[in-house]
Amino acid sequence: MKKPTVFIYVILVCLISLTTLYKFLKVNDITFKKDYDFGFSLKESELYKWFHAHEQSTVLSTTDEPCRETGNFVFIKTHKTGSTTLRSITSRFGYFRNLSFLLGTDTIIGHIYSIRFDWKNLKILPPIGINPGDYANYRNYNISDVHILFEPDKMERLMNPAPDLKYISIVREPTAQWLSNFQYYKRYQAIGLTLTTLNKTLLPFLKSDDVHKLGFNRQSKDLGIGPDILWSNSTKLLKSTLDKLKQLLSFVLITEYFDESLVILKQIFCWSFDDILYVKKRAQPTPLVVNIETRNEIQKHNWLDAIIYEYYLEEFWKKVKDYGPTFEKDLRHFRALLKESSDNCVEKSLVELSNDKHVYIQHYSTRNSSLFCWALVNTKFHMDMKMIQRQGRKSDKRWAGLAIH
């Protein structure tokens, strides 16, 4: 065959191929247009839908960090701020995922007075799968959510060094927190006062030379803010401390906006609505009420807690703004789920004396025997007992009367 004939044959084959391709594209509703990034655009065909979805997923995986469930975190537990309710949420999350908790051996539900890294005094339970006494492997804990003297350097040695390790806490309006703490731990007894005459007798005591016996700025202490700030009254030192805390903490919940805070926590931790459902723990059925002058005096002595609270309240509202336009809708949905779970799981509210050191508190019984309701209501911390058993403590005489179901 001569060369011109071969050339003509090739051209004919190309034309036939292009015609066939054009008919295919037309049938599938695909047209060419030069204004697209790579020379053509696609209309709403099945091929376009597939490509668009593929393109979106590629963009998300390359330019945005995909949402990954946070399973490694430190909850700096503060006193009388709703922190036991929050702990019931974080503990349930870890319990059902078989995660390891940092738990002490000296207290009934795992609180830790302090951590000392000498083996004779390392009074914590091993992580899941580690034998008691194998101290070299007492590390890589997933969750810390007990009361503990917060020391960041020590926490870093014990916690899982995962890149998603986060720190959170919760704070409450300082006067309300102080009154709740004062009532719950019966501090009035130590100074010879009674609840019935408190409105007359507390204010003079707050103005007396013995006021230091009452203890103030507890939330600051729980957050690891040392007494040097209180003694020095240094604005520079306070600012430096707040800056360090801001770098460390991913989020600080606000007691007065508990539901709102949980919706934000859900977003930050990439959790589900089910993960943040709760039943109130250790609520005071009859909170202590004092007059305005007494409240002002309490506020004055809690000046450091007041600064911390205002600081994180402002940060909280920034988080609300950053959440996006669905915040109110998500909050309503969450509260509807709270009511539904309460209706399904909570039988009744009970009030009892927890022990001779504490005033009456409120707890609940379970309406049905489902595993979810058992964990949600967590009557008398039965789930926590199971959690502690799983990490090596087989029994504790202080569990008497707290039947583990």
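**Group meeting: a walk through a predicted model**

Let me start at one residue, Ser220, whose place is in helix H8, residues 218–222, where helices (H or I, at least four residues) and strands (E, at least two) are DSSP runs numbered from the N terminus. This is a predicted model, in which local features need a pLDDT of at least 70 and side-chain atom pairs count only at pLDDT 80 or more, while totals for chains, interfaces and linings use all residues. Residues are numbered from 1 along each chain as its sequence is written, and side-chain values use heavy atoms, with hydrogens and water left out.

Ser220 is buried, with a relative accessible area of 1%; buried means under 20% relative accessible area, exposed over 50%, and partly exposed in between, with a 1.4 Å probe and protein chains only. Setting aside residues up to four places away in sequence, Ser220 touches Ile225, Leu304, Asp305 and Ile308, a contact being heavy atoms within 4.5 Å.

Now the chain as a whole. The protein chain has 16 helices and 6 strands, and of its 405 residues 45% count as buried. Among the contacts with a separation of 6 or more, 68% are accounted for by residues 24 or more positions apart.

A word on confidence before the details. The average pLDDT of the protein chain is 81, and 78% of the residues score at least 70, pLDDT being the predictor's confidence in each residue, from 0 to 100. Over residues 20–63, however, the pLDDT is below 50, and this stretch has 24 contacts in the model beyond near neighbours in sequence. Where pLDDT is low, the predicted coordinates should not be read in detail.

Which residues have the most contacts inside the largest nonpolar core? They are Leu86, Leu102, Leu262, Tyr312 and Phe334, in a core of 78 residues; such a core is a set of buried Ala, Val, Leu, Ile, Met, Phe, Trp, Tyr and Cys residues joined through side-chain atoms within 4.5 Å. Helix H13, residues 303–323, contributes the largest share of this core, 9 residues. A second, separate core of 16 residues includes Trp178, Leu179, Leu198 and Phe216.

Leu262 touches Leu86, Ile89, Leu253, Ile276, Tyr278 and Phe334, not counting residues up to four places away in sequence. Phe334 lies in helix H14, residues 327–345, and is buried, with a relative accessible area of 0%. With the same exclusion of residues up to four places away, Phe334 touches Asp259, Leu262, Val263, Phe273, Ile276, Leu277 and Tyr278. From Phe334 to Ile276 the separation is 58 residues in sequence and 8.7 Å in space, C-alpha to C-alpha.

Leu158, found in helix H4, residues 152–158, counts as buried at 1% relative accessibility. The C-alpha atoms of Leu158 and Tyr141, 17 residues apart along the chain, are separated by 6.2 Å.

Pro127 lies in the loop between helix H3 (83–95) and strand S2 (143–144), and this proline is buried, with a relative accessible area of 4%. Pro127 touches Ser100, Asn137, Tyr138, Arg139, Tyr141 and Gln391, not counting residues up to four places away in sequence.

Turning to helix packing, at what angle do H5 and H12 pack? Helix H5 (residues 174–184) and helix H12 (residues 292–301) pack at about 100 degrees, with their axes 9 Å apart; axes are lines fitted to C-alpha atoms, for helices over the stretch in contact, and angles run from 0 to 180 degrees between N-to-C directions. That makes H5 roughly perpendicular to H12, on a scale where angles under 35 degrees count as roughly parallel, over 145 as roughly antiparallel, 65 to 115 as roughly perpendicular and the rest as oblique. From H5, Pro174, Thr175, Ala176, Trp178 and Leu179 meet Arg295, Ile298 and Gln299 in H12. The residues of this contact divide into 5 nonpolar, 2 polar and 1 charged, where Ala, Val, Leu, Ile, Met, Phe, Trp, Tyr, Cys and Pro count as nonpolar, Asp, Glu, Lys and Arg as charged, and the others, Gly among them, as polar.

Finally, two backbone details. Most residues other than glycine have a negative phi. Lys186, in the loop between H5 and helix H6 (187–190), has a positive phi of about 50 degrees although it is not a glycine, and at 16% relative accessibility Lys186 counts as buried. Arg282, in the loop between helix H11 (258–269) and H12, has a positive phi of about 55 degrees, and at 27% relative accessibility Arg282 counts as partly exposed.
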